[in-house]
Amino acid sequence: MDIEHGHMVALAKSFGLFYLIALSIGVLIYTFWPSNKKRFERAARDIIQDEDTPWR
Amino acid sequence: MVSQLTMNERRWAMGILIALSLIGLTMLGAGRGDAFGVHGAIVAAAAIAMIFVVISGYFAPEPGEERLTRYYDDPSKAGIVISMVWAMLGLFVGDWVAWLLAYPNLTFDAPWSSLGRIRPVHTTSIIFGFGGNALIATSFHVLQRTTRARLPDQLSPWFVLLGYNLFCVIAVTGYLMGVTQSKEYAEAEWYADIWLVVVWVTYFAIYLRTLARRKEPHIYVANWYYMAFILAVAMLHIVNNLAVPISLGHAKSYSLFSGVQDAMTQWWYGHNAVAFFLTAGFLGMLYYYLPKRAGRPIFSYRLSIISFWGITFIYMWAGSHHLHYTALPQWVQTLGMTFSVMLLVPSWASAGNALMTLNGAWHKVRDDATLRFMMVAAIFYGLSTFEGSFMAIRPVNALSHYTDWTIGHVHAGAMGWVALITFGSIYAVVPWLWKREAMYSARLIELHFWLALSGTLIYVFAMWNSGITQGLMWRTYNESGTLAYSFVDSLVAMYPYYIARAIGGLLFFLGAIVGFYNIWMTIRTAPAEARASEPDAPALSGARVQPGE
């Protein structure tokens, strides 16, 4: 099958649209998932601690 | 440097350098009478010089196991100094180009100093030399601190840093000899591109290997940005540089792509170079150094995640806005335009997140020029992303494209955002890395800040004026329906703006010199006891909180 311009347009207008919307929804669910809240807050706070050696 | 490598790593280093010098000598033999041979000589000379460095430290005692209780920062230290050297070179050449546009005689009748050759020297020195080295240096620093793990070995970070700089030197010397692929921001020819792939894959492997050994389960958002930078740049670089050399002993190659496909591939690369090299990586810097310097956690960690995925997935589609009103199909242009406008959301989310982090700490911004560098960088990031989205709209682009407005926009981003966040991050990280109380001189940071800010403002305002004047002159018709101004008329109108632009660039260049002096003096004027003893105590097993440095 030859891939023609029309195929690429159809792909962009269907699959491209839906996977980007699905991705956005997935990211929002992950970001606002209630049990992630504590983990994110700890991550933001922890880098501020002055600590300059690796954990063993 | 060599004394920190294990015996096995020293053997590997010798092996790599011998192989590299043989490659260089082969290139020298195969490319006689061509720039390819000159590059062979440079590769061989660099490799042989490094062989001597390795030999001189080859029989030094091996580092003990206690090295594993510390982070490995020497590649970061070297990277920061190299980055500032490239900054001064790139800004000097950039300002020369600026004066050259006002006074064309400044080529001095030499082929190597013509605009077409020294302009890519400027862009490559700044983007890859200054920006790239700063990204590599800070990414190693941030990666280790946020994963609480040491880099996986001592050799590969040096391979990445020095190999990357070899690429930059090959690229820049090539332009002066007329070697170019004629692809903007991807001018270096095929052999340099292959070498960069090797270096870059090693860089990504360091990231993955350190992450695999991380002690902190959550991967801090700055690392996501750095990884997006490394991964996307690898992909862009490989695809855009697919080419066939005319022979294995010649610098010249032909691209796999032609016509509008070539243009689209180039600007898919070109715009994502802005997105992932000049934005994602530097956002990694912003998300670590700004909260750290301000002593406050990022305003919203959730917002930083949303902007991350927004930026990575939307930017990929924006490149076609560089090709409005060309042979590119209309729907592809519209696609690029739409995604460019959508990009405003994640971009302003990041800029807003940075500024909201500082909300409540404005007294620190007032007193601390380092933090002020980062604050102004966030403002310029917000401004230039708004401007970029606006200019990507097709009718606006009809006025702005091919004019100095584009140059103004690029420099609002490169000077106002990229360079200022880099200077701010460097001023923050230098005292931490070299275990100093503070930078050598706070007043010199202050001086650098005002030189950089005034230079940027003069530059950007000159180019806005010049660009819009050009755009309007080129589209003004008289009563008979022909163009009212000739091209030379518009050139004459540009003259004062070109001089103003060169003065702005000069101020920015002077600022970088002040910055380099300050960094150098911070390194040199070590407190004697700090130089003698390692202040970092090994962490007790399982200890979470250590006394500060």
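How many residue pairs are in polar contact between chain A and chain B? The count is seven, with both residues at pLDDT 80 or more; a polar contact here is a pair of N or O atoms within 3.5 Å, where within protein one must be able to donate a hydrogen and the other to accept it, and residues adjacent in sequence count only if both atoms are side-chain atoms.

A word on the ground rules: this is a predicted model, where local features need pLDDT of at least 70, side-chain atom pairs count only at pLDDT 80 or more, and totals for chains, interfaces and linings use all residues. Residues are numbered from 1 along each chain as its sequence is written, chains are lettered from A and ligands numbered from 1 in the order in which they are written, and side-chain values use heavy atoms, with hydrogens and water left out.

**The interface**

On chain A, 31 residues are in contact with 45 residues of chain B (heavy atoms within 4.5 Å). The two chains bury about 3700 Å² between them, 63% of it on carbon and sulfur atoms; that is the accessible area (1.4 Å probe) lost on putting the two parts together, summed over both. The rule finds one salt bridge across this interface (a side-chain nitrogen of Lys or Arg within 4 Å of a carboxyl oxygen of Asp or Glu). Arg42(A) pairs with Glu216(B) in a salt bridge, with the closest N and O atoms 3.1 Å apart.

Now for the voids, found on a 1 Å grid over the protein atoms alone: a cavity is a set of points where a 1.4 Å probe fits but cannot get out, a pocket is an open set with protein on both sides within 12 Å along at least five of seven lines, and lining residues have an atom within 4 Å of a point. Grid points are joined across faces, edges and corners, and a volume is the space filled by probe spheres set on the points. The structure holds four cavities of 30 Å³ or more.

| Space | Volume | Lining | Nearest the centre |
|---|---|---|---|
| Largest cavity | about 160 Å³ | 18 residues | Phe128(B), Tyr185(B), Leu196(B), His237(B), Tyr269(B) |
| Second largest pocket | about 1400 Å³ | 42 residues | Leu20(A), Met316(B), Trp317(B), Leu335(B), Phe339(B) |
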